[in-house]
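Here are my notes on this one, as numbered points. Have the model open while you read.

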Amino acid sequence: MPWSGFHTKMIAALGCAWILDGLEITVASSVTSVLTRSDTLGLSSSEAGLIATVYLVGQVTGALFFGRMADRFGRRKLFLLTFGVYLFGSGLTALTYGQGPGWDLFLYLTRFIAGTGIGGEYAAINSAIQEMMPARFRGRVDLLVNGTYWAGAMVGTIAELMILSTFDDSVAWRIGFLLGPVLGFSVLFVRRHLPESPRWLIMNGKEAEAEAAIARIESAVRRHGKKLPPVDERDAIEISESKHATYVTLLRVLFKEYPKRAVLASTLMITQSFLYNAIFFTYTLVLTKFYGVSDKDAPMYLLAFAAGNLLGPIVLGPLFDIVGRRWMIAGTYLFSGCALAVTATLFVADVLTATTQTLAWCVIFFFASAGASSGYLTAGEIFPLEVRGKAIALFFAIGQAAGATGPYFYGWLIGDGTERGRLYVGFLMGAVIMVVGGLAETFLGVDAERKSLEAVAKPLSVVRTSVGVARRKTVKKLKKPGDRQGEAAGENTDDNPDQPGDEPHADTPAV
């Protein structure tokens, strides 16, 4: 299907979730030191650090819970619900007015709620993006949407610098946590007008609604003066209305039908999550401890780092559809791993400055960001329709759980900033981990570029793989037993023979 204004509107309405996620993480990091002061919440350093951990736990919980709901109740309902949960939780955080155990518990609860909303967005939105984008644009769009996290990080950094310099600390941190809900509230109204995924509708036996959704998208294409290409009948498949899949269904699919793909998706998500959490959350510590950068100047270096991460998916994204998934994913992982090893060697030799260290990280994560975003693309598109939301949620949770160990471990390696050798070993470890991800893609990668999702992973509820074959088979059944001539003619025109097991169950209504 050609590109149209509908697809652009969909990216704008759904992609904002990652912008707000980046904003949330950045704001929370920026105000951590403020919340330890007596005139704000009076938290200890460990209590303030726990805010990010609770938010992360909320993301994992939300991904797993809402991921299952996205497959059961639909993509549209879930990306409305999860975004509403995020707005509610983040808004409540700003209402933490007092000190003491009760208010601390309220603070952590609101961060957990906001995290569950954003975690649920990963499953619902990635599913919707992959199922409603033209196949030849699917890779670059998914990378772009996931990469906009760094646009949020840049907005959050600039906004928090302005807020902290303009308002009193007791008010500034509250405004910071209100930024997301204020900016995101209007998005709910835009999302309300987006249709449900036609693929999900068909899977759930809602043929009329699916036809209406497709007609709406096709109408948007025609309004832009573009022609719809004919659909080859040989590419059609017939599916039955499926039962609601559970995580047990997903595990059966992963271990029985697609074990290599399961290893690939988990490896990509674990490796990129560990690297990002390790470097991003200790970024300012390296600058302040080893290069003497002041706390006030550190955010400016973060802006450059975020810009490199944002540009990677934008610039390299189209190549994931043109060159292909396998070589681009493997290439970005391997290059970033090798470049990190080189940078680590320069770091331990003490030949870098704060500026050149930041420049090196910008180059590394220009490639690593595109590779990391492709992890979410891979986790969704290589598994069947019925379990797509749960697959994204599960691998996101696995990656986040593994990556959560990074900040603490690298913080310990940094220490008081007197020993470069320990951190050098940590950097090399991160480099090796990224190389492992690149090698996994090289040997296990799936060439999904420019292919329909059904060609990449056949739905679990598939009945037949060709409508033409099904029609000829029905005609053959209706012919009289003695009509050998017509039967032979039917055989001569059958250039796409049935596969074993193509016959539908008698009690299963075909869709």
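1. Starting with α12 (residues 283-290) and α13: their axes cross at roughly 130 degrees and come within 10 Å. The two helices are therefore oblique to each other, and their crossing is right-handed. Axes here are lines fitted to C-alpha atoms over the stretch in contact, with angles from 0 to 180 degrees between N-to-C directions. Under 35 degrees is roughly parallel, over 145 roughly antiparallel, 65 to 115 roughly perpendicular, and the rest oblique. Right-handed means that the near helix is turned clockwise from the far one by less than a right angle, left-handed anticlockwise. Helices are DSSP runs (H or I, at least four residues), numbered from the N terminus.

2. Bear in mind that this is a predicted model: local features need pLDDT of at least 70, side-chain atom pairs need 80 or more, and totals for chains, interfaces and linings use all residues. Numbering starts from 1 along each chain as its sequence is written, and side-chain values use heavy atoms, leaving out hydrogens and water.

3. Next, α14 (residues 325-348) and α15 (residues 354-381) have axes that come within 9 Å and cross at roughly 150 degrees. That makes α14 roughly antiparallel to α15. Their contact involves 15 nonpolar, seven polar and two charged residues (nonpolar: Ala, Val, Leu, Ile, Met, Phe, Trp, Tyr, Cys and Pro; charged: Asp, Glu, Lys and Arg; polar: the others, Gly among them). The crossing is left-handed.

4. As for salt bridges (a side-chain nitrogen of Lys or Arg within 4 Å of a carboxyl oxygen of Asp or Glu), the structure holds 14. In one of them, Glu-131 meets Arg-75 at 2.6 Å, N to O. That pair links distant parts of the chain, 56 residues apart: Glu-131 sits in α4 (residues 101-132), Arg-75 in α3 (residues 75-93).
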